[in-house]
Structure formats: structure tokens, C-alpha cells
Amino acid sequence: MKELSFAQNFSIIALNAQDSIHLTTAKKVFLRCIAAATILELYLDNSFETEGDFLTLKREDLQSPAITRYQEAVLKTLFGKKETLSEQLPQYLQKVTKLSKKMLNEVEHTFAVSLTEANALEEIPALLGCDLEYVTAGISMKEYRSNPEVFSKLTESLRAETLEAGAMTDEAILMLWLLRESGCIHDYFSREELKRVAERIYELLGSSSLAKQVFPITIHKTIEMGIKNFLKVKKEVMSTPSGSGLNFVFPVMERSQSVFIDTEEFFANKEERLRDVKARLESKGHIFTVIREGEVPLIKIDNVLYEAVPSAKQYRIPVHGVRLRKYPLSL
């Protein structure tokens, strides 16, 4: 696999497990962040003409062989009818909040194509298609799955750079900001680790000129975010010196997905329940690893963690089974 760009790397994280057909609320948030990642990629590559703090692009620059198709798609949405853009980096990033549905669909299409061509992304049956009611109704749904090896490498590398002592690369600083703004940072850092993330951001604000420019910027829309306060974390983090003067309570995108898988046995034991879950996942083409067995197994499915909670659905006759619930590390 050829080396991927900064924006492509973020889109591998952003598009994984997203509905590949419909423009869901969650996907809107991620696509705006993918557009922002493209702007940041151009900034890192020195693609702007600079004069002081102002970054300039001309429409004719889009004809450059160095501009990729996905970069062109994002820049065209920013230009509108203008021939020249001259803004500071924060103003460029704020522009992504105004992207229309049509523009977001174009961003998705160009990135999906580029990642598919690089064997970094594929379209698979959606996990929700394993749900009893969807199976019974014969409903087919699709979603994206990122290359598991690339996905793990990216997320583990970012975790290591963030949590360990030492300097962070510009790419890691920007990736951390993008995860914050996309509302999925809780999926990759535990509750205790989020305190270290908050401290790390505070450190970067004092040592990195790039962090000073980017971290105060907010591009997520509150109306699209399911904001959870995590009161204990908020209390502890905001009471530390690292919390002074800046809100370190990270936004959370409510992307919970509950999938009910029925079991063959009416009162199945834990081994039988897990067997039936694995059989259903295999039949639908999902890649999974059982991380923890027991009464409530923890399963990594298509790069996402789920708990398999014993459950039942109340019809005229109760149906027993397992409910897959997304398992963010911060809970």
C-alpha cells in the first residue's frame, strides 16, 4: 500500500463504520472534519502563498498537478465564486461549518474513491444488518470499513504520541484536534487518559505555535453533537492547573448503535450466546476479535469495540439473545 496523506489518514478514522449510503448526522460532522483535514494538509505542505499570517490561494492553483482530486473538491467549495482566497488559518477552518449537503457528499465521494483505490477502505454490509429485525425484514444496509492494519497503526501511534512524554509532531497535534472536533476522542482514550489529554493540550498551547492557532478553534455544531458532560471528569480536569482558562470537556458525538442478535437456544449460556454472535458476524462478512469472554464479552468488530450484553426482545413470545452496544474507552 502506498503512503497515504495526512487528510487520507484522518479520513480512514473518520469514515470507518459510517453509513456509506446516507448522509447521517454523525457523518456530516466527520465530513466537515475531513474537509478541515484537507486544509491543514495543504498548510503542512506549504501549498499556500504566505504574507504574514495570511494564506493565499488562487483559483488557477487548482490546475496544479500537485493538487489531488480530493483537495480540489474541498477547495472548490471554499472558493465559491471568488478567484482568490486570502485568510488566516482559523478563518479557512471555520469555512467548513458552512458546507452544504451537496458539498459534503462531494467530499465523501472523492475521499472514498481515493482510499478504495489505495486498498485502505471498502464497503461492507452494515453491522446493523445483523439485527434480528433487519435480518427478518431482509433489509440490506452498507457501511465503510477501513483497513484494520492501517486503522490500528494510526490510532495507536496517536495514542502513544499524546500520552507519552516528549515532543509531538505537527501531524499528531492536528490529528488530536480533529478527533476532538469530530467528537470521537472518547473512543480512543480512557476516562483517566482524557485527563492526560487535557494536560497535553495545555502544554501544547504553551509550546507549539501551531497548537496556539488551532486548538482554540471550534468547527463542530452543537446541534449535531450529543454533548455529555461526564461530570466527574469535568470536575477533576477543570480543577487542575491544566484546565484553567480553557474548556477541556471534549464534545461527544452520539453515535450509539444497538444491535440485537437472537440466539438459537431459548436460555442460552454464555458460550452458546458468543457462538451465535460469532456465527451471525461471520455470515455477514464482518472482521472481529473477541477481546474478553465471560457473561458480557467485549468484541472488536470492524475496528470498533462492542460489549455483547445478554438481552431479550418482548414479542408475543420473548426472544433471547445478545445486544451489541458500542463501548467507548471513556466509559
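Q: Is I173 buried or exposed, and what is its relative accessible area?

A: Buried means under 20% relative accessible area, exposed over 50%, and partly exposed in between (1.4 Å probe, protein chains only). I173 has a relative accessible area of 3%, so it is buried. This is a predicted model, in which local features need pLDDT of at least 70 and side-chain atom pairs count only at pLDDT 80 or more, while totals for chains, interfaces and linings use all residues. Residues are numbered from 1 along each chain as its sequence is written, and side-chain values use heavy atoms, with hydrogens and water left out.

Q: In which helix does I173 lie?

A: Helices (H or I, at least four residues) are DSSP runs, numbered from the N terminus. I173 belongs to helix 8, residues 170-182.

Q: Which residues does I173 touch, not counting residues up to four places away in sequence?

A: Contact means heavy atoms within 4.5 Å. With residues up to four places away in sequence not counted, I173 touches M168, L204, S208, A211 and F215. Its C-alpha atom is separated by 9.0 Å from that of E161, 12 residues apart along the chain.

Q: Where is R200, and is it buried or exposed?

A: R200 is in helix 9, residues 191-207. Its relative accessible area is 5%, so R200 is buried. Leaving aside residues up to four places away in sequence, R200 touches E161, T162, E164, A165, G166, A167 and M168.

Q: How many residues of helix 1 are buried?

A: In helix 1 (residues 6-15), 10 of the 10 residues are buried, so this helix is largely enclosed by the rest of the structure. Among them are F6, F10, I12 and I13. Helix 1 is followed by A17, which has a positive phi, near 70°.

Terms used: Helices (H or I, at least four residues) and strands (E, at least two) are DSSP runs, numbered from the N terminus.
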